[in-house]
Amino acid sequence: MSKGDVDGAGRRTIMGCLIEVCTMGAEMGHTIQLIEETPYRFRIERHGSMRVPGVVLASRVLLPEDQALQQVVNVATLPGIVRASYAMPDLHWGYGFPIGGVAATDIAAGGVVSPGGVGFDISCGVRLLAADIDRDRLAPRLNRLLDRLDHAIPRGAGPGAVWHLTGRSQLEKVLCDGARYAVEQGHGVARDLERCEDFGGVADADVSQVGSRAVERGLNQVGSLGSGNHFLEIQAVEEVYDEVVTAAFGLSRGQVCVMIHCGSRGLGHQICTDHVRVMEKAMPYYGITVPDRQLACAPVDSPEGRAYLGAMAAAANYGRANRQLLGEATRRAFADIADGGLDLVYDVSHNLAKIETHDGTRLCVHRKGATRALPPYHPGLPADLAPVGQPVLIPGTMGTASYVLTGVSGGEAFHSTCHGAGRTQSRHRAARSVSGRRLRDRLEAQGIVVRGVTWRGLAEETPAAYKDIDAVITASEGAGLCRRIARLVPLGVVKG
């Protein structure tokens, strides 16, 4: 087998169908070998304490050069893991699990649940709403609409919310019922729940497993965008790839949409923190060792595992209610400024562990920075979407594009796909590369109206800090995970 090319940084050597990646960071100099099975599927053979192989569903250009591949290997050591430790095309380094990581464990065989396989922003996800106006009609009112949203949407790292809860008892109803409770209280319409993953709420939430500090942090943030990569974006449907499915989703070329990306705020972060500590202490009791302490875990059927899943479900419901509230605030702004209405296309999470049955086996499926993509006629779909599959919402960056996809039959990785473009730069590095003011000016020169909280926060989310979203979608399709339906371009963005 003859040696092929070496990239400019000397980090990747191609030797026929064998690719060697020298990871950066803490494991500098450690080489991981991948076998290129197809242009969009790479395998890391089992070695050491790996229980299953690693499978990276990406293209060569999207393979990461950080610790993410080592994390794929580490996840493959978890007790009870089945099939493979999967990585999506937007793969990059995360806490314990890589972001873009998917792993399922067999519950009956002692399979574990790991908070690192969900992340700190539990049930972070995307909501897409379709307007009854097109971009030409909105154009003369776009700046006024962004001004209204800038004022109406609470965001930033601290407290602030659309919905001011009366106290812990009302918060507990949010934690138990999610968007269902928000709609019951007048924040939305019944149809919204038909177009939400899990119909608006995750079952088996256990508020007794949500600590007092998490409750304190969650009381004043229901209906807020947060910070970091969270956003509310006004978009237009630029391209349609399947007219029939696009129409079934309620979309058409030129139509205005709103995409909202946020999660469970401080409450979810605190729940993850609390339960990682508990599992770290519990692992010796169960005889579990992991190569990275960030993979702290416990058997799904253990007291610690059940406690985490109950608290995680409560945080997921908080995240669902949060996006429901933000959607309602946006509806009010549209009605007042644009004289238009908004219908929910879909709402789906990309940080969650769910108990699912695949091939007759009950599994705990972790999706960390990965989106569920149900195929046509899956029982989890509402009746009107059953013939076409689940809408899959993939945000890009505020300077490029986002995509609407649909699930396909036979998709690998437990009906999962990517969740976004995937970072290539740290926030610190991104902020050093461009000033927020200059980035704002550049985006507005492209016709994209921007409303941010701080200049640094805007710079941290520069499009240059992310992978090419078109390449990510091409790889997702090429790997057989999903199918593209429509391409959306940004008109205006409200940044957290």
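## Helix H4

A residue is called buried here when its relative accessible area is under 20%, and in this predicted model that description applies to Gln170, Leu171, Val174 and Leu175 of helix H4. Viewed down the axis of H4, the buried residues fall within an arc of 150 degrees, so they line one face of the helix.

The partners of that buried set are helices: the buried residues of H4 pack against helix H5 (179-184), helix H7 (212-218), helix H9 (265-286) and helix H10 (303-338). Just after H4, the backbone at Gly178 adopts a positive phi of about 60 degrees.

Val162 sits in the loop that lies between helix H3 (142-152) and helix H4 (168-177). With a relative accessible area of 22%, Val162 is partly exposed, because the buried class requires a value under 20%.

Leaving aside residues up to four places away in sequence, Val162 touches Ala152, Pro154, Val222, Gly223, Leu325, Leu326, Ala329 and Arg332. Thr289, by contrast, lies 127 residues from Val162 along the chain, and the C-alpha atoms of these two residues are separated by 44 Å.

Strand S17 runs antiparallel to strand S18 (residues 402-407), and four bridges join the two.

## The chain as a whole

The secondary structure of the chain consists of 15 helices and 21 strands. Its radius of gyration is 22 Å, close to the 23 Å that the globule rule gives for 496 residues, so the chain is as compact as a globular protein of that length. Taken along the principal axes, the C-alpha atoms fill a box of roughly 65 × 50 × 45 Å.

Of the 496 residues, 62% count as buried, while the accessible surface of the chain comes to about 18000 Å², with 50% of that area belonging to carbon and sulfur atoms. When contacts between residues at least 6 apart in sequence are considered, 74% of them join residues at least 24 apart.

Terms used: Residues are numbered from 1 along each chain as its sequence is written. This is a predicted model: local features need pLDDT of at least 70, side-chain atom pairs count only at pLDDT 80 or more; totals for chains, interfaces and linings use all residues. Side-chain values use heavy atoms; hydrogens and water are left out. Buried means under 20% relative accessible area, exposed over 50%, partly exposed in between (1.4 Å probe, protein chains only). Contact means heavy atoms within 4.5 Å. Two strands pair if DSSP finds at least two bridges between them. The arc is that of the directions from the helix axis to the C-beta atoms. The radius of gyration is taken over C-alpha atoms; the globule rule is 2.2 Å times the number of residues to the power 0.38. Accessible areas come from the Shrake-Rupley method with a 1.4 Å probe; for residues, only the protein chains shown count as cover.
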